[in-house]
Amino acid sequence: MPDWLAHIAVAMPPTQALFGQLLIGLINGAFYAMLSLGLAVIFGMLNIINFAHGAQYMLGAFCAWFALDYLGIGYWPSLILAPIAVAAIGIALERLLLRHIYRLDHLYGLLLTFGVALIIEGVLRNYYGSSGQPYSIPRELTGARNLGFMFLPNYRAWVIFASLAVCFGTWFLIERTRLGSYLRAATENPSLVQAFGINVPRMVTLTYGFGAGLAALAGVLAAPIYQVSPLMGSDIIVVVFAVVVIGGMGSIVGAVASGFVLGVVEGLTKVFYPEASNTVIFVVMAIVLLVKPAGFFGRTV
Amino acid sequence: MRMKLLLAAVAAVALSAAGAEAQSSGPVKIGVLNDMSSLYADIGGKGSVVAAEMAAEDAGPVLGQKVQIISADHQNKPDVGAAIARQWYDENGVDAITDVPTSSVALAVNEVAREKKKIALFVGPASSDLTGPKCNAYAASWVYDTYSLAHVTGGAVVKSGGNTWFFITADYAFGHALERDTADVVKAAGGTVVGDVQVPLNTADFSSYLLQAQASKAKIIGLANAGGDTINSIKQGAEFGITEGGQKFAGLLIFTSDVHSLGLKAAQGLQLTAPFYHDMNAETRAFSKRFSDRFGRPPTFDQAGVYSAVAHYLKAIKAIGTKDPDKVMAEMRKLPINDFMTKNGKLREDGRVVRDMYLFEVKKPSESKGEWDMLKLIETVPGDQAFRPLDKGDCPLVKKG
């Protein structure tokens, strides 16, 4: 019997424990979904591969921590304030830098946002170190309930709920409202939409800000679970990119669905063959790229 | 084009000449090689460079010249670490490399040092294999190892009734060595290991592994990991009600930077083993004051250990007036190690520095008087009990008697 097969046979947990692991996978999937959602929106509407997304997620968590530590502003206001602050930073970034490279190859946007991410991360690391700041769970959500098959912390239940709400809201906004239809039209043919009297550049700016704000919201949600650390963004961003590729670049439904599914896949790997847990997503990505290069929900280019 | 080529050739010749010159007679040059940017950066990182610089300044001129300190980030990758070590020894005239946390990188650098017959002063890496099967006449393991962590912390936990263990282990050389050494202690005391899980280095979410540990019903969850991984395990363990369920964490390697990052509320009651704590006595406080005036926070035991190692190395060179690696190693073994953190330490032939180790407990928030007032001393363990006996490590340099 090969080594990994023996591993699976030994590690086979009772069904009850398996439910617990599935739920954990869903919780992590909630973060993947929220982050890949923002990336998909930005890529779908602006054609920018936003490598600063991880840094914006990290900035969201840091904003929440700053607000609590220096201003005494708690978790709930931070859920709104931090995304607004990070969206403002995103808007400035779009106006000052990104605007100039829309006509160039994708690669330039990727390099630019990657560079910006490295700078933000480096500056914060210089001042706050790498091991992170503690941020406690809001009082209303402390504790846990015993579901019989596992101990579910209330806060994690809230994360799943919040993530589903945000994902649905964003999908609805873009696919089902008038504003969303302008946005989609502007992606297809900006000059025509502009001819109808719609300020396309401003819409693009706001879209980027919205995407950055989504990342920051995920960051605030993540703050009480992980340490608020300058590295938290770069740790997760590579995985999130793989999620977006698997779902199909630019597809909102694809980003959300593959986020949750891959969270579960990763969760199960952690039980059966933990050594592979941080590579399994890339294995899936490689297979998807071979079989269906546009991703599960992507349009063929 | 021809001009460019010519310039390049000139530069190459000039560089190689400089390298050759530096090796024979230049100033003593020490390279600090560690993790500057990732999960172990707060343990050593730039603070280790500051510590090495302080040791160099305190030593004054050595062999008539100012000691030079250079540094690099090995990114926790053995291939990167080995390549830098090779370049430093061969081309940059580095006489000794120090710190090198992350055991997998240290094991690679250890082989480079052996091949080049150059000195490596390991402070950060913990794997006891560095002074065991992989021991090297040109290397020293300065402050601690997995054997001593296992014996002091593991021994104390088993003694207080923790006799069934589940390990959450970092999946590389260090985690494996730490789990192995601790499991030995547990079994020798009549306890059992009911399970383990190997987790990739630098993992953000431990909840899945914590659930497995919870399901194992072991009394003690042994954390054979370090830095950010330990912090996340303990923090998320609180969320999943590990301690409320009657299980306890045994953090086998915890640095003061980890405790600071977790906060006393989450970390209180944890026992940990260390060779140094900044608030132990007048001498450690004096050093830590100087260090934190320059660096902004008190030293971890890794950073303090870098000072100790560099200071002893320079002392040996001064005593014999040469930086020849063989002679310096012999002198370092001969001289007793005495400084703010070491009392009559001794460098053994297998590369192990034998020193006292201390068992600490993290204070309750109510007991702490300030941001960095974190630990209380429980027990002092003499070096000959904390470290592996010389003849038990399978080090080829030790003659079997």
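Two residues are taken to be in contact if their C-beta atoms, placed from the backbone, lie within 7 Å. The model is predicted: local features need pLDDT of at least 70, side-chain atom pairs count only at pLDDT 80 or more, and totals for chains, interfaces and linings use all residues. Residues are numbered from 1 along each chain as its sequence is written, while chains are lettered from A and ligands numbered from 1 in the order in which they are written.

In chain B, 23 residues of domain 1 are in contact with 24 residues of domain 2. On the domain 1 side, α4 (103–116) and α12 (301–320) of chain B are the elements that give two or more residues. Helices (H or I, at least four residues) and strands (E, at least two) are DSSP runs, numbered from the N terminus. The largest share of that side, three residues, comes from α4(B). By class, the domain 1 side holds eleven nonpolar, eight polar and four charged residues. Here Ala, Val, Leu, Ile, Met, Phe, Trp, Tyr, Cys and Pro count as nonpolar, Asp, Glu, Lys and Arg as charged, and the others, Gly among them, as polar.

Domain 1 of chain B spans 25–144 + 280–355, and domain 2 spans 147–274 + 357–386. These bounds come from an automatic or database domain assignment. The C-alpha centres of the two domains lie 27 Å apart.

Chain B as a whole has 14 helices and 15 strands. Its radius of gyration (over C-alpha atoms) is 22 Å, close to the 21 Å that the globule rule (2.2 Å times the number of residues to the power 0.38) gives for 401 residues, so chain B is as compact as a globular protein of that length. Along the principal axes, the C-alpha atoms of chain B fill a box of roughly 70 × 50 × 50 Å.

Between the chains, 29 residues of chain A are in contact with 33 residues of chain B. The elements of chain A that give two or more residues to this side are α2 (15–46), β2 (151–153), α10 and α11. Helix α2(A) gives the most, with five residues. The chain A side comprises 14 nonpolar, eleven polar and four charged residues.

Within chain A, the axes of α10 (residues 232–247) and α11 (residues 252–272) come within 8 Å and cross at roughly 120°. Axes are lines fitted to C-alpha atoms, for helices over the stretch in contact, and angles run from 0 to 180 degrees between N-to-C directions. V243(A), V244(A), I246(A) and G247(A) of α10(A) make the contact with residues of α11(A), including G254(A), A255(A) and L262(A).
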